[in-house]
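Dear colleague,

Please find below the structure that I am handing over to you. My notes on it follow.

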Amino acid sequence: MESNREVFGSNLMAIFALAGSAIGLGNIWRFPYMVGQHGGAAFIIVYIVCTLFFSLPIFYCESLIGRKTGQSTIGAMRQLAPGSRWALIGIFTVLGPLLITSFYSVVGGWSFAYLLRSCFSSFGAMSHAEIGSMFAQFTGSVWGPVLAHTAFLLASAVIISAGVRRGIEAFTKYTLPPLMLLMVLLMAYSVSLPGARTGVEYLVKPDFSRLDAGAIAAAMGQSFFSLSLGIGTVLTYASYMGKKDNIVSTGAWTAVFDLGFALIAGFVVMPAVFAAGLEPQAGPGLVFETLPFIFADMGASAPLLSKVVTITFFLSVLLAALTSEISMYEVCTAYLVEERGMARKKATLLVFFVAWTIGVACAVFTKVFSFCDFVSSNILMTLGALAFSLFVGWRMKKAAVEAELTNDGSLPGNRTVFKVFYFLTRYIVPVGIAIIFLSNFISL
Ligand code: TRP
């Protein structure tokens with residue numbers, strides 16, 4: 001283990017960092033449109049079940065490996081299974097974060113561009129036709145998305161180069177609380193809109209007839225994505241946790257924050273969508289295409305309020321995206337520092353150039369964007385999660401797993417959680433993951 005390795009300031013700071021990683025575009029952008037596409041409340045129920053029975057165990061698998069070894073993925077595998085092929089998990093945990101960092105930065109760039117747009121011009125002054133073509137026009141152009149992606153990635157690089165304590169911890173500590181507050185304010189606004197009731201009902205009254213196998217696979221995939229699983233993000237952050245920190249409660253809090261935030265985002269987006277008489281099934285464009293209609297209509301009667309709400313919304317998206325982006329960026333950086341002996345600043349710079357180049361390709365060519373998204377979310381993350389669960393369930397010694405989750409027995413309350421966790425990890429999780437993995441290809 002490296003002697004000069006940084007550690008988070010406290011258990012609370014570890015929760016902040018992990019929640020910052022979990023809460024992101026996955027919650028504000030992806031979750032609401034998935035709910036819209038898969039039928040509302042019923043999807044949410046499946047999502048919660050998946051989080052409890054699949055995602056949380058995988059979260060624990062990654063955390064316990066990271067905290068036990070105090071190393072990033074490849075080093076951790078080498079330490080726990082010397083001379084074996086388990087270090088090959090590194091393929092998922094180097095390639096995965098690199099690809100996600102790249103295309104995530106493009107979407108982060110969109111939110112940055114929309115924030116600028118909402119500061120300097122008004123959606124209220126635009127016609128419906130203009131708003132309708134705005135997203136396609138923006139993402140179809142070259143300079144705007146590329147510059148926005150560059151700015152977003154640069155901001156992440158600055159935070160990462162400052163290190164774990166002064167970069168990641170400091171940034172999430174000051175970002176997460178205002179982010180929560182902004183979203184709660186937006187939610188209060190959205191549910192109070194005339195006509196919002198149908199949107200609220202859509203989120204709380206389940207209609208199980210719309211729930212098919214595809215929706216269940218989507219709920220599981222979304223839950224993995226939202227908790228940042230499968231590519232070593234949680235593992236790497238957990239490697240910066242203190243030996244006295246409680247892995248079980250940290251994971252539980254992270255999941256609660258992440259879930260709470262996704263639900264809040266749902267209550268921001270859906271009531272507004274229904275209040276404006278729009279369709280919830282708009283897909284990935286829901287936040288960037290549909291919401292501006294609402295901001296525009298509002299702007300016609302209350303320009304100042306519309307501006308404040310619009311800026312608040314896109315600022316929230318941007319901040320949430322940044323705290324997640326840095327968590328993937330850190331995985332790549334930690335690999336270069338720990339496995340390749342690079343200085344942190346140099347590693348940050350190298351990741352910047354590679355991710356920038358892939359990101360530019362994603363920003364310009366939709367096909368590259370979808371390819372990176374598909375390969376990382378549907379293949380690398382899923383196989384990575386499977387590998388982590390098999391490693392903890394079948395390769396590590398049971399006693400070692402229990403010792404890590406209970407801090408060598410000093411947290412006896414965690415023993416019950418361990419028992420349930422261990423059973424799920426050995427038998428239920430791998431089967432579930434294998435099913436969603438295969439369903440990706442059947443639905444192609
Ligand atoms: N969880 C983040 C979100 O919801 C995205 C993210 C960060 C992520 N790190 C990850 C997704 C690792 C998958 C794997 O937006």
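Are helices H6 and H13 roughly parallel or roughly antiparallel to each other? They are roughly antiparallel, a term used for angles over 145 degrees, whereas angles under 35 degrees count as roughly parallel.

Please note that this is a predicted model, in which local features need pLDDT of at least 70 and side-chain atom pairs count only at pLDDT 80 or more, while totals for chains, interfaces and linings use all residues. Residues are numbered from 1 along each chain as its sequence is written.

**The helix pair**

Two packed helices are described by the angle between their axes and the distance between the axes. For H6 (residues 128–140) and H13 (residues 286–301), the angle is about 155° and the axes are 8 Å apart. Here, helices are DSSP runs (H or I, at least four residues) numbered from the N terminus, and axes are lines fitted to C-alpha atoms over the stretch in contact, with angles from 0 to 180 degrees between N-to-C directions. On the H6 side, the contact is made by His128, Ile131, Met134 and Phe135; H13 contributes Phe288, Glu289, Pro292, Phe293 and Ala296. Residues are in contact if their C-beta atoms, placed from the backbone, lie within 7 Å.

**Two loop residues**

Ser228 lies in the loop between H10 (213–226) and H11 (233–238). Although Ser228 is not a glycine, its phi is positive, about 60°. Asn407, in the loop between H17 (398–405) and H18 (414–442), also has a positive phi, near 50°.

Yours sincerely

Note on methods. Angles under 35 degrees count as roughly parallel, over 145 as roughly antiparallel, 65 to 115 as roughly perpendicular and the rest as oblique. Two residues are in contact if their C-beta atoms, placed from the backbone, lie within 7 Å.
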